[in-house]
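Hi there,

Here is the structure I promised to pass on to you. My notes on what turned up in it follow below.

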Amino acid sequence: AVCSMGNSTSRLYSVLAKTLSSGAVSQHQDCLEQLDSAQLDPIDPKDLLEECQMVLQKRPPRFQRNFVNLKKNTASNHRPIRVMQWNILAQALGEGKDNFVQCPMEALKWEERKCLILEEILAYKPDILCLQEVDHYFDTFEPLLSRLGYQCTFFPKPWSPCLDVERNNGPDGCAIFFLKERFQLVSSANIRLTAMKLKTNQVAIAQTLKCHETGRLFCIAVTHLKARTGWERFRSAQGCDLLQNLKDITQGAKIPLIVCGDFNAEPTEEVYREFSNSSLNLNSAYKLLSPDGQSEPPYTTWKIRPSGECRHTLDYIWYSQHALNVNSALGLLTEEQIGPNRLPSFNYPSDHLSLVCDFSFNQDPDRLL
């Protein structure tokens, strides 16, 4: 019964109500192998959003964030591609390891927090969704998002810290979801990042997609680099390894590239400079929100732990600036919206803010770097 996802006569609400309880990832995989997602009934996103809002009716309303128009006077003959980047906070870490001293445990209950996460995704309707710290892939995100029309890929960390938490839901990792009606998967690579020639616990996914509307190829990648102060050189080495992999996959930047990730690195770090100065000719999309187009936002994560308050810019959407234009970007939450207890909270499900950008292809695809 635990594997039942309903049939054409059942309401989709049972999917939210009966997502699998914590257990071994292998059990979830076995369940999903029996239930080919392609055979499950589609979900109307409006119905799912309505169900999420019913679950969340005792919580404060979702924060209002507005898109900032960044489009220069460049015509585009295709619909923009909306990309969403988000470290959603692994449930096991939020409850068991991260010590958010100002966040009530009640705010971290998965049955409600998952609805906050889904509400955020449904509100912005990304064509491509890149997530980190996903530890409820098999019981929540894959079965639900596949029924919303997304093709789903997950790559867990080899030694996820979630596994150290009692009653965990399996390892956390990175995930990519893209709308099958808009894109065709051409190739996919799961990358275990190396540093100083050693395999590390951090991973990336890189997928080459073909846009149905334009026929254009592009590569989308997601990653989550090593955390903590003192690991700057390690992150730099991981970044170099990822860039080398992406150079090979994009044939030296012939294929446009978008890289989403929690880099755990401020713009002052070496790994940030490596991406800025790469031969792939990448730019950070959220810099375009600054008055001069040269400065990153003041924060993408803001939390309070026993060691004190942590406000940092760690999350980025990099893109091939010779081949892609950023039409718009979602503005960040203000300090007033975040509130004195910071993140996560009853209002917001993660300690990281979601980043969302609309991209269009440059109309001169043969233009040199």
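Let me begin with a question: are Tyr272 and Trp318 buried or exposed? Both Tyr272 and Trp318 are buried. Please keep in mind throughout that this is a predicted model.

**Aromatic pairs**

A pair of aromatic rings is described by the distance of the centres and the angle of the planes. The structure holds 19 such aromatic pairs. One of them joins Phe183 and Phe218 in an edge-to-face arrangement, with 5.5 Å from centre to centre and 75° between the planes. Phe183 belongs to strand β6 (residues 183–195) and Phe218 to strand β8 (residues 217–224), so this pair links distant parts of the chain, 35 residues apart. Phe183 has a relative accessible area of 2% and is therefore buried. Phe218 counts as buried too, because its relative accessibility is 1%.

Tyr272 and Trp318, the residues I opened with, also form an aromatic pair. Theirs is tilted, at 5.1 Å centre to centre and with 55° between the planes. Since Tyr272 lies in helix α8 (residues 270–276) and Trp318 in strand β13 (residues 315–320), the pair ties together parts that are 46 residues apart in sequence. These two residues also belong to an aromatic cluster, which is made up of Phe263, Tyr272, Phe275, Tyr316 and Trp318.

The charged end of Arg192 sits over the ring of Trp159, 4.9 Å from the ring centre. Likewise, Arg311 has its charged end over the ring of Trp302, 5.2 Å from the centre.

**The β11–β12 hairpin**

Strands β11 and β12 form a hairpin, with two residues between them. They pair in the antiparallel sense, and β12 covers residues 308–312. How many bridges does this pairing run over? There are five bridges between β11 and β12. Four of the five residues of β11 (residues 301–305) are buried, so this strand is largely enclosed by the rest of the structure.

Thr301 is located in β11 and stands opposite His312 in β12. With a relative accessibility of 1%, Thr301 counts as buried. Its side chain makes a polar contact with the side chain of Lys303, at 3.3 Å. Leaving out residues up to four places away in sequence, Thr301 touches Cys310, Arg311, His312, Leu314, Asp351 and His352.

Tyr299 is found in the loop between β10 (282–284) and β11. Why does Tyr299 count as buried? Because its relative accessible area is 8%, and the cut-off for buried is under 20%. The side chain of Tyr299 has a polar atom 2.6 Å from the backbone oxygen of Leu333, and this side chain also reaches the backbone nitrogen of Glu335 at 3.4 Å. Not counting residues up to four places away in sequence, Tyr299 touches Arg311, His312, Thr313, Leu332, Leu333, Thr334, Glu335, Ile338 and Leu353. As for Cys310, eleven residues along the chain from Tyr299, the C-alpha atoms of the two are separated by 9.6 Å.

Strands of a sheet pair through backbone hydrogen bonds, either parallel or antiparallel. Here, seven strands form an open sheet with mixed pairing, in the order β1-β14-β15-β2-β3-β5-β4. At its edges are β1 (67–69) and β4 (150–156), each of which pairs on one side only. Direction ignored, neighbouring strands of the sheet are turned by 20° against each other on average.

Within this sheet, β14 (residues 324–330) and β15 (residues 355–361) run antiparallel and are joined by five bridges. Ser328 has Asp358 in β15 as its bridge partner.

Helix α5 (residues 110–124) lies across β1, β2 (81–87), β3 (128–134), β14 and β15, and runs at about 160° to β2. Helix α6 (residues 137–147) packs on the sheet as well, touching β3, β4 and β5 (173–179), and its direction makes about 160° with that of β4.

How values were computed:
Residues are numbered from 1 along each chain as its sequence is written. This is a predicted model: local features need pLDDT of at least 70, side-chain atom pairs count only at pLDDT 80 or more; totals for chains, interfaces and linings use all residues. Side-chain values use heavy atoms; hydrogens and water are left out. Rings of Phe, Tyr and Trp (its six-membered ring) pair if their centres lie within 6.5 Å; planes under 30 degrees apart count as stacked, over 60 as edge-to-face and the rest as tilted. Buried means under 20% relative accessible area, exposed over 50%, partly exposed in between (1.4 Å probe, protein chains only). A charge sits over a ring if NZ of Lys or CZ of Arg is within 6 Å of the ring centre and within 35 degrees of the ring normal. Two strands pair if DSSP finds at least two bridges between them. Contact means heavy atoms within 4.5 Å. A polar contact is a pair of N or O atoms within 3.5 Å; within protein, one must be able to donate a hydrogen and the other to accept it, and residues adjacent in sequence count only if both atoms are side-chain atoms. Axes are lines fitted to C-alpha atoms, for helices over the stretch in contact, and angles run from 0 to 180 degrees between N-to-C directions.
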